Amino acid sequence: MAVSKLSDQELTALCHRFRIQLVELLHAIQTGHPGGSLSACEIITTLYQRILNVDPSRPEWEERDRFILSKGHAAPMLYLNLAERGFFKKEKLKSLRQINSMLQGHPCAHKTPGVELSTGPLGLGLSAGTGMAAAAKLKELSYYTYVLLGDGEIQEGVIWEGLMTAAKFKLDHLIAILDHNKVQLDGTVEEIMPEPNLKERFEAFGWQVIVCNGHCVAAITAAIEEAKEVKGKPIMIMAQTVKGKGISFMEGKNSWHGSPITDAYYEQAMRELKEVLL
Ligand SMILES: Cc1ncc(C[n+]2csc(CCOP(=O)(O)OP(=O)(O)O)c2C)c(N)n1
Ligand SMILES: [Mg+2]
């Protein structure tokens, strides 16, 4: 189902609104993952509000595009987008992370319409996405499968099995996006597991690599359009991002991976976000 056409400016303004709502939601529950949700804001929002061919009235429609949030801890940003797209009522957002809520702390495909795969344990999404893309090829369906990965997450060995398999089967309707914020839970990627020549490594595994600014909706759109032109190879978009993007004291800080937003930090974050002129 076609999504309404938002201009770059409108899409950017929507991302800003999602940042504000994210801080409100996480402050209210005193838990959750602000850093990785903020770094993925433009990526997930551009996909859901501009690119993905999905139909909220038929979440299981066979020809829909698939999106897998492999870095499942960014679930709140996914939920904001699913609600905006109409998969469920926006008032449900308040039930985030409550017992028996349809909106669990990590995505749950059985509870939330529009969630393709239950994630949270890192490393699962690329192999599952490879399977979905292979199924499209076998069934001669034209949908795309998108998988959003974290740069700490790709230290999981199973990611590299997925990379090999997708290249072997020439899955050119598989588009992985790396949220390349250079920070993970316990420190920087450089401190924990350096990633020299990452672009070249993806290429050596048989992938086409596109690098883009992961906070610019126009650049993300252009990268996806370029990816759709590639034939015979899966595509890795290395989206350059900042963990905690948009809130000065969170930016680039692993300590904000999963810290509760206290009242004092909430006030500070809101002041900053409300000062931004769009
Ligand atoms: C298999 C597994 N190991 C560890 C964790 C705990 N964990 C959750 S998020 C995270 C860090 C992920 O870092 P990254 O992929 O860079 O995510 P981002 O920076 O985008 O938030 C870790 C270690 C997990 N969820 N799953
Ligand atoms: Mg990271």
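Here are some notes on the predicted model above, point by point.

1. **Ground rules.** Since you'll be looking at a prediction, local features need pLDDT of at least 70, side-chain atom pairs count only at pLDDT 80 or more, and totals for chains, interfaces and linings use all residues. Residues are numbered from 1 along each chain as its sequence is written, chains are lettered from A and ligands numbered from 1 in the order in which they are written, and side-chain values use heavy atoms, with hydrogens and water left out.

2. **The magnesium site.** Ligand 2 is a magnesium ion, and its protein donors are Asp 151 (OD), Asn 181 (OD1) and Val 183 (O), lying 2.1 Å from it. Donors here are N, O and S atoms within 2.8 Å of the metal (3.2 Å for Na, K and Ca); water is not among the atoms, so sites may look incomplete. The sequence spacing of the donor residues reads D-x29-N-x1-V. Asp 151 comes from the loop between strand 2 (145-150) and helix 6 (157-168), and Asn 181 from the loop between strand 3 (174-180) and helix 7 (189-192), so the pair ties together parts that are 30 residues apart in sequence. Helices (H or I, at least four residues) and strands (E, at least two) are DSSP runs, numbered from the N terminus. Asp 151 is buried at 2% relative accessibility, and Asn 181 is buried at 7%. For the wording: buried means under 20% relative accessible area, exposed over 50%, partly exposed in between (1.4 Å probe, protein chains only).

3. **Ligand 1.** Asp 151 turns up again here: 17 residues surround ligand 1, and the closest are Lys 71, His 73, Asp 151, Gly 152 and Glu 153. A residue is near a molecule or strand if one of its heavy atoms lies within 4 Å of it. On the backbone side, a polar atom of Leu 122 sits 3.0 Å from a ligand nitrogen. Taken alone, ligand 1 exposes 600 Å², and the protein buries 75% of that. Those areas come from the Shrake-Rupley method with a 1.4 Å probe; for residues, only the protein chains shown count as cover.

4. **Glu 116.** Look for Glu 116 in the loop between helix 4 (75-85) and helix 5 (125-139). Glu 116 is buried, at 18% relative accessibility. Its side chain makes a polar contact with that of Arg 64, at 2.6 Å. A polar contact is a pair of N or O atoms within 3.5 Å; within protein, one must be able to donate a hydrogen and the other to accept it, and residues adjacent in sequence count only if both atoms are side-chain atoms.

5. **Helix 3 and the cysteines.** Helix 3 (residues 41-51) is mostly covered, with eleven of its eleven residues buried. Cys 41 is one of them, with a relative accessible area of 0%. The model has zero disulfides (pairs of cysteine sulfur atoms within 2.5 Å). For Cys 41, the nearest cysteine sulfur is that of Cys 15, 4.1 Å away.

6. **Positive phi.** Gln 30 has phi near 55 degrees, a positive value in a residue other than glycine. Gln 30 is in the loop between helix 1 (8-29) and helix 2 (34-39), and is partly exposed at 36%.
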